[in-house]
Amino acid sequence: MTHSGSADHELRAAARHLGRRRFLTVSGAAAALAFGTNLPQSAHAAPAVRETRLRAEPFTLGVASGDPLPDSVVLWTRLAPEPFQPDGGLPVRPVPVHWELARDARFRRVERRGTHLAHPEFHHAVHAEPRGLRPGTDYFFRFRAGGHLSPVGRTRTAPAGGVDQLRFALASCQRYDQGYYTAYRHLAAEPDVDAVLHLGDYLYEYPVGAAAGARRYTGDRRLPAILDRETVTLEDYRLRYSLYKGDADLQAAHAAHPWIVTWDDHETENNYADENPENSVPPEEFLIRRAAAYRAYWENMPLRRPQRPSGPDLRLYRRLHFGSLAQIDVLDTRQYRDNQANGDGWKLPTPESLDPARQMLGPAQERWLADGWRHSRATWNVLAQQVVFARRRNRVAEPSPLSMDSWDGYPGARERVLRAAEDAGIDNLAVLTGDVHVHYGLDIKRDADDPASRTAGVEVVTSSISSGGDGAERPANWETLTAANPHLAFYDGRRGYVLLTLDERELRADYRTVSGVTTPGAPIGTAATLVSAAGRPGLRRA
């Protein structure tokens, strides 16, 4: 039995002896212990371990960095000489991995180096956290293991103090079998990006056939049958990350810029809500799947040790500061939410969906967000999150159905967030969103039912990298949505990403699009540029 298979078996055995309520209450203890039997106490400790000579190239999944602080950044890789083998083609023992961080790409000025043990229990992933770095500084990094040298990555620490300008790239929704990652190749070449904010749906749980769907692979590019099943077990999720991370364009984007990540639903299962799955699987059974998904997510993302999961729980919400210019609060709108009202989908509001007590973030995350805003001194307060925050009607006539999966299905929770921003005196609120596979520019109205009410902030929604196929500049519902939502300043249905620039005067969103994703190599262009002035929220064409 593989390590992932063993872990799945152990958690199932534990769950069988626990009632649903008991399973939930001990998820941080007994269930985590069952899921993580014999996990090393510290993935960062590197006691004397014999060097392992590896015959095949182990850095098939590339390198990445993330969660930049003024004095630190996470460096990531995962060893996988055989990425589509459950064990990655490695022995069941720790492998020493040496890392270097330098000021130059030739590593003539190495400033930090260290050794990290890549444990089989973590699928031989590496999460190194060098400290004592200079703020707002570009670095280059690489790894060495088993006689092999990794590709070189570039990263940047967060600035401290006064900052003239920040530039972020927003990305989301990259279903592998619906198109090529052409947009990532262009994103990798974008200059002066402080970080990529990935807003969810890094992978999809659905089966991937040998031809990889819209990619139409032939010959030796055809994929193994082990990927042609839905991800349920830890082994399934690990192999799916191997598929996605093997993409050269995605590797280029990871190597070019540090990433700040959050998940949405498909990293686990479509439209799940807390312990509630999409289908009729019992919650205690679904939590086994969720634990597998969360562990594989941590193994494959450049996340810090506080984000390491405990059974079916992982605290992904966190706060990053970029000098005096921006505070970024990374939210989790999946793990703590109430189940979607009215059976999910687009429905007319009902007393169930309008219940003011309904939770999207959960009480603890709400308190954390409000407290962070009360102490914020940043010019821009940014929420990096998943689903559309502003009101979105899908027909002109009232009443209009609303999306029960988005914040429209949790209006009480949205009201509490807006009230917390108001109470804290937040003047420049920017909500960043993915999920919907289109570009939107939306004004957030203080009263969602009154288009004439005060604008409380702006929402920049990035389209998908590949999900949904080629897309269209004006989707079939373009006229209806633009007429039904006067606060919708921009709508484009093509694939791409957003470049978000912040300074003391304004927010600027450049909506980047590619002409198609079902064939590789499409050019990139800017479909529109919207700006919002500091202190006077509201998106308008530049």
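Contact means heavy atoms within 4.5 Å. The model is predicted, and local features need pLDDT of at least 70, whereas side-chain atom pairs count only at pLDDT 80 or more and totals for chains, interfaces and linings use all residues. Residues are numbered from 1 along each chain as its sequence is written, and side-chain values use heavy atoms, with hydrogens and water left out.

**Exercise 1.** State which residues Arg289 is in contact with, leaving aside neighbours within four places in sequence.

*Solution.* Begin with the location: Arg289 belongs to helix 7, a helix being a DSSP run of H or I with at least four residues, numbered from the N terminus. Next, Arg289 is buried, at a relative accessible area of 9%; buried means under 20% (1.4 Å probe, protein chains only). Finally, the partners are Glu205, Glu230, Thr231, Val232, Tyr237, Thr268 and Glu269.

**Exercise 2.** Determine how many residues of helix 5 are buried.

*Solution.* Helix 5 covers residues 234–245, which is 12 residues. Of these 12 residues, 12 are buried; among them are Tyr237 and Lys245.

**Exercise 3.** Describe how helix 5 and helix 7 pack.

*Solution.* Two packed helices are described by the angle and the distance between their axes. Helix 5 packs against helix 7 (residues 283–300) at about 35°, and the axes are 8 Å apart; axes are lines fitted to C-alpha atoms over the stretch in contact, with angles from 0 to 180 degrees between N-to-C directions. On the side of helix 5, the contact is made by Leu234, Tyr237, Arg238, Tyr241 and Lys245. Helix 7 contributes residues including Arg289 and Ala292.

Definitions and conventions: Helices (H or I, at least four residues) and strands (E, at least two) are DSSP runs, numbered from the N terminus. The expected span of a helix is 1.5 Å times one less than its number of residues. Buried means under 20% relative accessible area, exposed over 50%, partly exposed in between (1.4 Å probe, protein chains only).
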